[in-house]
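Subject: Structure for your files

Hello,

Here is the structure for you to look at. My notes come after it.

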Amino acid sequence: MMIDKVNYVTPLNNLQSTKRSGSVENTQRMSDEISVSEEAKAMAEALYMNKVAEETPDVRTELVEQIKLKIQDPNYLSEATIAATADKILSAYGL
């Protein structure tokens, strides 16, 4: 048995009746754009700062070692050094 037509339409007629688009000039070139909200930018910055904070050690051992060496020097712990340190601590607290 041979089937010539499906619902009285031949597939060849369908292909012949379709029209091809005119030319490339008729198509418009579109570019993609994204928009990032200020809230998303703030969240991204907070995430980055959190990551940096997690990767940064709590104690800077090289600085601690330098200070230990300075304190061991008897000439370093003078009245002027102690007063300057106290002034820096008080100014850090706004006093």
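Below are the fold, the surface and the charged pairs, in that order.

This is a predicted model, in which local features need pLDDT of at least 70 and side-chain atom pairs count only at pLDDT 80 or more, while totals for chains, interfaces and linings use all residues. Residues are numbered from 1 along each chain as its sequence is written, and side-chain values use heavy atoms, with hydrogens and water left out.

Fold. The protein chain has 4 helices and 0 strands, and its pattern along the sequence reads α-α-α-α. Helices (H or I, at least four residues) and strands (E, at least two) are DSSP runs, numbered from the N terminus.

Surface. Of the 95 residues in the protein chain, 2% are buried. Buried stands for under 20% relative accessible area, exposed for over 50%, and partly exposed for in between, with a 1.4 Å probe and protein chains only. The protein chain has an accessible surface of about 10000 Å², and carbon and sulfur atoms account for 57% of that surface. These areas come from the Shrake-Rupley method with a 1.4 Å probe; for residues, only the protein chains shown count as cover.

Leu63, Ile67, Ile71, Tyr76, Leu77 and Ile82 form a nonpolar surface patch of about 510 Å². Patches are made of residues with over 30% relative accessible area and no salt bridge; like charges are joined within 9 Å, and nonpolar side chains (Val, Leu, Ile, Met, Phe, Trp, Tyr) within 5 Å. Helix 3 (residues 61-72) gives the most to this patch, with 3 residues. Tyr76 sits in the loop between helix 3 and helix 4 (79-92), and Tyr76 is partly exposed, at 31% relative accessible area.

Charged pairs. Side chains of opposite charge can pair when their charged atoms come close. The count here is 2 salt bridges, where a salt bridge is a side-chain nitrogen of Lys or Arg within 4 Å of a carboxyl oxygen of Asp or Glu.

- Lys41 and Glu38 form a salt bridge at 3.5 Å, N to O. They are 3 residues apart in helix 2 (residues 38-55), so about one helical turn separates Lys41 and Glu38. Lys41 is partly exposed, with a relative accessible area of 43%, while Glu38 is exposed at 60%.
- Lys68 and Glu65 form a salt bridge at 4.0 Å, N to O. Both residues lie in helix 3, 3 residues apart, about one turn of the helix. Lys68 is partly exposed at 46% relative accessibility, and Glu65 is partly exposed at 44%.

Regards
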